[in-house]
Amino acid sequence: EAAVTRDGEAPQGRFSIGCHVSIATHWLPRTLPAVLSRWPRLELTLVHELSRRVNDLVVSHQLDFGLVVNPLKHPDLVVLELATDVFTVWDRRDRLSNTVLYDPELLQAQSILSKLQKRGVTFERSLTSSSLELLARLAAQGAGSAILPTHLATRMTPKLRVPGGTQPSVVDSVCLVYRADAQRSPGARALIAALKAAKPA
C-alpha cells in the first residue's frame, strides 16, 4: 500500500526516519512542522536508535532515512553531510568533578574516557544514562562532569563550560543517509530536500 501511494505525482506516502533522540531534538523541530504543513499526504514515523544501528537499518531497507553521526560507508548508501559537532567534557565548574556522567553505548564517550585515562585522569564514580538531555541537565545542576555534544551542552542553564579550557574531544559529522535505489518518489525527494535544508533548533 505504501509503495503504491509513493507512485503518485505529489509528495505523499509513508516514510520512516531514524536518528538518536538527541539528534532528533536538535534537528527535527525546525524541519518537520513545515514538511507536514506543506504536504498533508506525507506520513512519517520516527525511530530512535544509536547512529550505528540506524545506519544498519537504512542499509537493510528497514528505515527509509537516517540522520546519522559518523555513518559507516556502504556502496548502496547516499551520505550527505549536514553539519559537524564536537563531543567533549562539560561541567558547571572550571575543573573536572569526581563523578563522570555519560552514555556507555556511545563510541564518543568511550573514546574520551580512554583518552582521559591515558592522561592519568580517573573518576571516583560514574552515572550512566542513554539520555544525553538528562545527563546535560544533571551536569548543569552540579551532579558531575558530563561527556556531551557541544550543540546540547551550550543550550544548558546554568551554563556549562569545558573544564580547564581544553579536554579530549571527538569531532562528529552529522549526515543524512538513504538508499539511492529506494528513494526516488516525489515524497522521498521532497523529504530529502527538506532535511538537506534543515537548520538545528
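Two strands count as paired if DSSP finds at least two bridges between them. Helices (H or I, at least four residues) and strands (E, at least two) are DSSP runs, numbered from the N terminus.

**Basis of the report**

This is a predicted model, in which local features need pLDDT of at least 70 and side-chain atom pairs count only at pLDDT 80 or more, while totals for chains, interfaces and linings use all residues. Residues are numbered from 1 along each chain as its sequence is written, and side-chain values use heavy atoms, with hydrogens and water left out.

**The sheet**

An open sheet with mixed pairing is formed by eight strands, in the order β2-β1-β3-β8-β4-β7-β5-β6. At its edges stand β2 (42-48) and β6 (125-128); each has a single partner strand, so one side of each is left without a neighbour in the sheet. From one strand to the next, the twist averages 20°.

Inside this order, β4 and β8 are antiparallel to each other and pair over 10 bridges. A83 has V174 in β8 as its bridge partner.

Helix α4 lies across β1 (13-19), β3, β4 and β8. The helix runs at about 150° to β3; axes are lines fitted to C-alpha atoms, for helices over the stretch in contact (heavy atoms within 4.5 Å), and angles run from 0 to 180 degrees between N-to-C directions.

**A salt bridge between strands**

A salt bridge requires a side-chain nitrogen of Lys or Arg within 4 Å of a carboxyl oxygen of Asp or Glu. By this rule there are six salt bridges. In one of them, E43 meets R14 at 3.4 Å, N to O. E43 belongs to strand β2 and R14 to strand β1, so this pair links distant parts of the chain, 29 residues apart.

**The largest pocket**

On a 1 Å grid over the protein atoms alone, a pocket is an open set of points where a 1.4 Å probe fits, with protein on both sides within 12 Å along at least five of seven lines; lining residues have an atom within 4 Å of a point. The largest pocket holds about 340 Å³ of space, a volume being the space filled by probe spheres set on points joined across faces, edges and corners.

Its lining has 24 residues, and S51, V69, N70, L106 and Q108 are the closest to the centre. Elements giving two or more residues to the lining include α4 (51-59), β3 (65-69), β4 (77-90) and β8 (170-179).

**Backbone details in two loops**

T157 and P158 are joined by a cis peptide bond, with omega about -5°. P158 sits in the loop between α7 (150-153) and β8. In the loop between α4 and β3 is H61, which is not a glycine but has a positive phi of about 70°.
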